[in-house]
Amino acid sequence: TTMPVTPWVAEYVWVSGKNTYHDLRSKYKTMTNVAIENATLEDFPVWNFDGSSTNQHRGNNTEIIIKPVAVYPHPFLANAKVALSECFYPDGTPEKGNTRHKAAEIFAKYKNDVPMFGLEQEYFIYKNGKPYMWPEGGFPSGQGDYYCGN
């Protein structure tokens with residue numbers, strides 16, 4: 001006999017079309033098809049939502065399909081996982097704000113190349129309550145000598 005699965009929460013998270021680079025959306029699904037400790041990406045079904053409420057689709061058919069692409073332990077909820085997801089129109093084409101899809105195509109095309117990433121760090125060193133080397137009683141001239149740690 002098969003033991004019943006304890007229900008757990010899958011939070012599908014995607015980037016909305018209203019302001020693609022800042023708006024994250026999500027919805028919860030109660031999962032009972034697999035125990036949480038055994039759940040993998042393949043256990044998260046494709047789902048959908050009404051794209052008119054997020055400005056991702058207009059017209060009569062406003063359905064947006066969400067396809068999970070990565071699954072992680074939920075950082076805030078016990079008995080839950082997060083499914084990072086991509087958005088598609090019902091015909092299978094990527095939703096206009098789905099920039100991850102295009103990036104994944106490029107990464108696959110150049111999978112034998114070694115990517116390089118750089119981080120820009122910005123910080124200030126203070127002395128006596130002011131940025132170090134700040135002119136007494138005034139402001140410095142334009143960026144020149146202060147830009148990129150000159």
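**Aromatic contacts, core and sheet**

Tutor: Tryptophan 47 has a relative accessibility of 17% and counts as buried. This is a predicted model.

Student: Which cut-off puts tryptophan 47 among the buried residues?

Tutor: Its relative accessibility is 17%. A residue is buried if its relative accessible area is under 20%. Tryptophan 47 is therefore buried, at 17%.

Student: With which ring does tryptophan 47 pair, and in which geometry?

Tutor: A pair of aromatic rings is described by the distance of the centres and the angle of the planes. For tyrosine 12 and tryptophan 47 the centres are 5.0 Å apart and the planes stand at 65°. An angle over 60 degrees counts as edge-to-face. The partner is therefore tyrosine 12, and the pair is edge-to-face.

Student: How many residues apart in sequence are the parts that this pair of tyrosine 12 and tryptophan 47 ties together?

Tutor: Tyrosine 12 lies in strand S1, while tryptophan 47 lies in strand S3. Tyrosine 12 is buried, at 0% relative accessibility. The parts tied together by the pair are 35 residues apart in sequence.

Student: How many aromatic pairs does the structure hold, and what is the geometry of the one between tryptophan 8 and phenylalanine 44?

Tutor: The structure holds four aromatic pairs. In the pair of tryptophan 8 and phenylalanine 44, the ring centres are 5.7 Å apart and the planes are at 70°, so this pair is edge-to-face.

Student: Where in the chain do tryptophan 8 and phenylalanine 44 sit, and how many residues apart are they?

Tutor: Tryptophan 8 belongs to strand S1, and phenylalanine 44 to the loop between S2 and S3. Both are buried, tryptophan 8 with a relative accessible area of 1% and phenylalanine 44 with 5%. The pair links distant parts of the chain, 36 residues apart.

Student: Which residues do the ring pairs link into a cluster?

Tutor: One of the pairs joins tyrosine 12 to tryptophan 47. Another joins tryptophan 8 to phenylalanine 44. The cluster linked by ring pairs consists of Trp8, Tyr12, Phe44 and Trp47.

Student: Which members of the largest nonpolar core touch the most other members, and which element gives the largest share?

Tutor: This core has 16 residues, and Trp8, Tyr12, Phe44 and Ile66 touch the most other members. Strands S1 (8-15), S3 (47-50), S4 (63-73) and S5 (80-88) each give two or more residues to the core. The largest share, four residues, comes from S1.

Student: What does phenylalanine 44 touch beyond four places away in sequence?

Tutor: Its contacts include Trp8, Ala10 and Tyr12. Met31 and Ala39 are also touched by phenylalanine 44.

Student: In which order do the strands of the open sheet lie?

Tutor: S1 and S5 pair in the parallel sense over five bridges, with valine 13 opposite leucine 84. S4 and S5 pair in the antiparallel sense over eight bridges, and S3 joins antiparallel S4 through four bridges. Five strands form this sheet with mixed pairing, in the order S2-S1-S5-S4-S3.

Student: Which strands are at the edges of this sheet, and what is the average twist?

Tutor: An edge strand pairs on one side only, as strand S2 (24-31) and S3 do. From one strand to the next, the twist averages 35°.

Student: Which residue in the turn between S4 and S5 has a positive phi?

Tutor: S4 and S5 form a hairpin with six residues between them. The positive phi, about 60°, belongs to asparagine 79.

Student: Is glutamate 95 buried or exposed, and which backbone nitrogen lies 2.9 Å from its side chain?

Tutor: Glutamate 95 is in the loop between S5 and helix H1 (99-109). At 2% relative accessibility, glutamate 95 is buried. A polar atom of its side chain lies 2.9 Å from the backbone nitrogen of glycine 97.

Definitions and conventions: Residues are numbered from 1 along each chain as its sequence is written. This is a predicted model: local features need pLDDT of at least 70, side-chain atom pairs count only at pLDDT 80 or more; totals for chains, interfaces and linings use all residues. Side-chain values use heavy atoms; hydrogens and water are left out. A nonpolar core is a set of buried Ala, Val, Leu, Ile, Met, Phe, Trp, Tyr and Cys residues joined through side-chain atoms within 4.5 Å. Buried means under 20% relative accessible area, exposed over 50%, partly exposed in between (1.4 Å probe, protein chains only). Contact means heavy atoms within 4.5 Å. A polar contact is a pair of N or O atoms within 3.5 Å; within protein, one must be able to donate a hydrogen and the other to accept it, and residues adjacent in sequence count only if both atoms are side-chain atoms. Two strands pair if DSSP finds at least two bridges between them. Axes are lines fitted to C-alpha atoms, for helices over the stretch in contact, and angles run from 0 to 180 degrees between N-to-C directions. Rings of Phe, Tyr and Trp (its six-membered ring) pair if their centres lie within 6.5 Å; planes under 30 degrees apart count as stacked, over 60 as edge-to-face and the rest as tilted.
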